[in-house]
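Start with the structure below, then read on.

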Amino acid sequence: MKRKTRNVYIYVNIGLAALVPFGLICLARHERTTTPRWAIIQDMDKQPYYKPQRPSKLFADGRAMRPHIPGTLAQQDFIFVNQAEVRVHPKTWAKGHVVLASKKVYDSVLYGQKLVHGQGQWLTHIPIPLTKRFVERGRTEFNIFCEPCHGYNGRGNGPVNRWDQRLRKEGSPEAGTWVPPSNLLGPGVAYLSDGLIYNVIANGVGTMASYKDQIPVVDRWAIVSYVRALEKSQKVVPVAKLPYPIRTRLKSLTVKLNAKGKKKKKS
Amino acid sequence: MSERPFFVFPKWSDWLTKVIVISTLIIPVYLVILIAYGCSARTLNVNYAPKQPVPYSHAFHAGKLGINCEYCHTDVKRAAYAALPPTQTCLNCHSLIAAKSRKLQAIRNSYGTGKKSLAGMSVPWIKVDDLPDYVYFNHEAHVNAGISCLVCHGKVNEMTRVYQAKPFNMAWCLNCHRNPAPYLRPRNEVTNLNWTGKNKVKLAKDLGLTVATLPHNLGKYLLKRYHIPSVKLLTDCETCHH
């Protein structure tokens with residue numbers, strides 16, 4: 001009898017000891033490790049070729065991918081425009097392509113300018129046919145690239161701006177030299193020609209950085225179209241485009257308001 | 001007359017049966033289970049979270065601020081590779097906000113405003129979700145077919161330090177390639193990692209439908225709408241190992 005119970009104890013102990021490795025593995029499963037995975041069978045996991053954005057000792061800058069040679073364009077950077085008008089090619093459109101192109105039209109699409117008597121002038125229209133799909137694409141791109149600062153409605157109060165205001169309130173030095181982004185629905189932007197807005201997206205203005213590398217050419221124009229749509233939906237109209245009687249009334253109103261503001265400041 | 005048998009196992013040899021049973025049945029079965037569990041892709045690959053040169057928090061930027069994945073990984077919808085952003089993208093904001101933060105030293109080095117010897121060099125980010133070199137995964141194909149970032153990368157918007165969330169072994173890939181329908185969602189919700197699809201009004205808007213005409217089975221509907229190839233093609237060797 002005694003011997004039998006002893007045996008049972010031994011078996012139970014061995015059984016429990018057998019569970020220990022499982023417990024350890026289970027712990028390891030739920031722990032973050034900073035070391036790379038442990039490949040038991042290597043197969044051909046690591047092959048002597050370069051994947052995108054991998055380091056290489058071959059070049060001085062340590063990159064396997066080579067930068068653009070100045071003055072050249074990558075294939076996907078070409079804007080293909082038809083002789084007379086820019087026509088969006090349905091298949092490649094998502095990639096930011098348009099169909100090819102006389103140099104004149106190409107330049108006007110790329111720089112947002114047209115040549116008048118040898119001088120560049122900002123385009124006053126969007127050089128790509130406006131469709132619902134195009135403006136909707138503008139919305140998705142706007143919500144990706146512009147929303148962080150300018151907000152979904154374009155009034156200049158996106159999450160990044162709100163966060164900076166909070167840092168400022170707390171007196172944190174991290175608030176830095178941030179300047180609140182401009183209100184896209186204000187008259188400041190409504191007055192700008194389409195080509196100029198395009199140029200701001202492409203090359204930046206003030207503290208706003210250039211988005212040339214992040215947004216392809218056609219998408220920049222799509223964003224311009226969406227900014228215009230936002231203005232329309234929020235009924236922001238440049239004063240010059242208002243009907244005459246309203247314009248004069250507005251003028252007198254602003255004069256009055258300005259006078260009031262000045263009086264208050266003095267007192 | 002009873003003859004003595006030729007050979008009789010002595011009584012003490014009873015323990016041999018135990019040894020044989022244990023060594024031929026229990027121990028091998030135990031080892032097989034242990035190795036299968038310990039060396040499974042889920043155990044080995046998941047939760048790899050290397051320390052990055054910059055303690056960039058996706059939980060803050062993508063989660064709290066709600067910046068879209070595509071703001072930095074711009075190429076994901078038009079290239080096979082969802083590129084890491086250039087240093088300039090960080091500086092869109094960080095040239096103004098927290099510009100002098102100690103955490104951003106590697107960024108400043110790369111941009112040329114820090115250590116002179118490192119100017120123009122890439123920030124040495126460490127790749128987390130890495131596939132074997134004989135698999136050719138295409139981001140463009142998946143994202144434009146309505147496969148969310150979430151399916152492979154997990155809830156990145158809740159990760160302070162990015163870790164590998166999925167095992168990335170072939171069986172796991174095939175799990176979806178054999179039956180893609182339940183993983184699909186409208187294309188414009190691909191980068192929305194909190195998407196549930198329960199908001200019918202929003203869903204209808206995403207698909208350009210009305211609530212009344214919403215398909216009963218969203219997966220099957222999207223399968224047709226996004227022209228997802230047949231399972232036969234999806235599970236062909238050449239689809240991934242070309």
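Buried residues make up 21% of the 267 residues in chain A. Keep in mind that this is a predicted model.

Chain A holds nine helices and two strands. From the N terminus, the order of elements is α-α-β-β-α-α-α-α-α-α-α. Among the contacts in chain A with a separation of 6 or more, 51% join residues 24 or more positions apart.

**The hairpin**

Strands S1 (residues 113-116) and S2 (residues 119-122) of chain A run antiparallel, joined by four bridges. Val116(A) has Gln119(A) in S2(A) as its bridge partner. Two residues lie between the strands of this hairpin. There, His117(A) takes a positive phi near 50°.

**The cores**

In soluble globular proteins, nonpolar side chains tend to be buried together. The largest nonpolar core here has 42 residues. Phe145(A), Ile197(A), Ile201(A), Trp221(A), Ile223(A), Val224(A) and Val227(A) touch the most other members. Helices of chain A and chain B each supply at least two residues of this core:

| Helix | Chain | Residues |
|---|---|---|
| H3 | A | 132-145 |
| H7 | A | 194-203 |
| H8 | A | 217-233 |
| H4 | B | 69-72 |
| H8 | B | 149-153 |

Which helix gives the most to this core? H8(A) does, with nine residues.

Trp221(A) also has contacts beyond its neighbours within four places in sequence: Ile126(A), Ile128(A) and Tyr198(A). A second, separate core has five residues, including Leu104(B), Ala106(B), Ile107(B) and Tyr111(B).

Terms used
Residues are numbered from 1 along each chain as its sequence is written. Chains are lettered from A and ligands numbered from 1 in the order in which they are written. This is a predicted model: local features need pLDDT of at least 70, side-chain atom pairs count only at pLDDT 80 or more; totals for chains, interfaces and linings use all residues. A residue is buried if 20 or more other C-beta atoms lie within 10 Å of its own, exposed if 12 or fewer, and partly exposed in between; C-beta atoms are placed from the backbone. Two residues are in contact if their C-beta atoms, placed from the backbone, lie within 7 Å. Two strands pair if DSSP finds at least two bridges between them. A nonpolar core is a set of buried Ala, Val, Leu, Ile, Met, Phe, Trp, Tyr and Cys residues joined through C-beta atoms within 7 Å.
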